[in-house]
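Please walk me through the strand pairing and the side-chain contacts of this model, with the cut-offs behind each term.

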Amino acid sequence: MNLDLNRPYRKNLMSHGLIYMGGEEQDITIKDISLTGVLAELKYDQASTRDAKDIFNMLSASTTIDLYLPEMRLVGEAEVVRVDMLNDHILVALEFRNITYDVDNQLYKRKVHRKNMTVPGRILLNGEYHEFHTVNASVDGLMINLAESIAVDAGEITAFEIERLALEGEIKVIWAERTADGGILLGLQYVHMEKTVIKGIPRFAR
């Protein structure tokens with residue numbers, strides 16, 4: 001890993017947030033921030049149960065993690081570029097990759113984090129399965145995009161499956177909106193699924 005973020009300017013501060021790493025949500029304290037990234041310290045009671053080697057093992061599959069900083073209204077993805085131990089505390093240097101700044105504070109009003117992701121799936125509507133791609137996903141529901149425009153009623157409960165996320169079950173249509181290209185966006189809420197934990201999707205509950 002690159003040990004130098006090469007940041008032109010770094011501002012010291014004390015702020016709190018969450019990261020999603022190794023299938024776990026973890027509390028962090030932000031030690032400093034720049035235009036390109038942050039230096040974060042894992043919460044002490046979490047850091048005390050593991051060392052830097054454990055963190056590297058978590059990052060073996062991917063160094064990209066989810067990041068949520070409510071006090072700064074920042075949410076999105078960051079890359080871990082350095083992991084250090086300092087007096088039994090674990091410091092993690094993160095470089096921003098795909099970060100959104102919530103100008104209107106709408107993200108904070110949501111109960112859980114919605115992760116932007118595009119994966120294919122199928123949903124049963126009007127007696128037939130239709131292909132879709134997700135726009136975002138959370139532990140509560142999905143926003144999906146269908147290329148075809150079909151009649152869908154809010155409140156309808158139907159079946160869906162997303163093979164890549166190993167998800168299937170029943171889902172409720174909360175809202176429907178036509179798109180300019182002739183497709184349709186659907187807001188969906190989980191009704192019944194075989195699993196309660198969705199791999200790769202943090203809760204980041206408020």
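In strand β9, Glu-131 is the bridge partner of Arg-122, and Arg-122 itself belongs to the uncovered face of strand β8 (residues 120-125), together with Pro-120 and Leu-124, whereas Gly-121, Ile-123 and Leu-125 make up the covered face. Strands here are DSSP runs of E with at least two residues, numbered from the N terminus, and two of them pair if DSSP finds at least two bridges between them. The model is a predicted one, in which local features need pLDDT of at least 70 and side-chain atom pairs count only at pLDDT 80 or more, while totals for chains, interfaces and linings use all residues. Residues are numbered from 1 along each chain as its sequence is written, and side-chain values use heavy atoms, with hydrogens and water left out.

The pairing of β8 with β9 (residues 128-137) is antiparallel and runs over six bridges; the two strands form a hairpin with two residues between them, and Asn-126 in the turn has a positive phi of about 55 degrees. β8 also pairs with strand β11 (residues 157-162), again in the antiparallel sense, over two bridges, and there Arg-122 stands opposite Glu-161.

Phe-160 and Tyr-190 are stacked, at 6.2 Å centre to centre and with 20 degrees between the planes; rings of Phe, Tyr and Trp (its six-membered ring) pair if their centres lie within 6.5 Å, and planes under 30 degrees apart count as stacked, over 60 as edge-to-face and the rest as tilted. Because Phe-160 lies in β11 and Tyr-190 in strand β13 (residues 184-193), the pair ties together parts that are 30 residues apart in sequence. Phe-160 counts as buried at 3% relative accessibility, and Tyr-190 is buried at 13%, where buried means under 20% relative accessible area, exposed over 50% and partly exposed in between (1.4 Å probe, protein chains only).

Elsewhere, Tyr-101 lies in strand β6 (residues 89-101) and is partly exposed, with a relative accessible area of 49%. Leaving aside neighbours within four places in sequence, Tyr-101 is in contact with Met-72, Arg-73 and Leu-74, contact meaning heavy atoms within 4.5 Å.

Methods. Helices (H or I, at least four residues) and strands (E, at least two) are DSSP runs, numbered from the N terminus.
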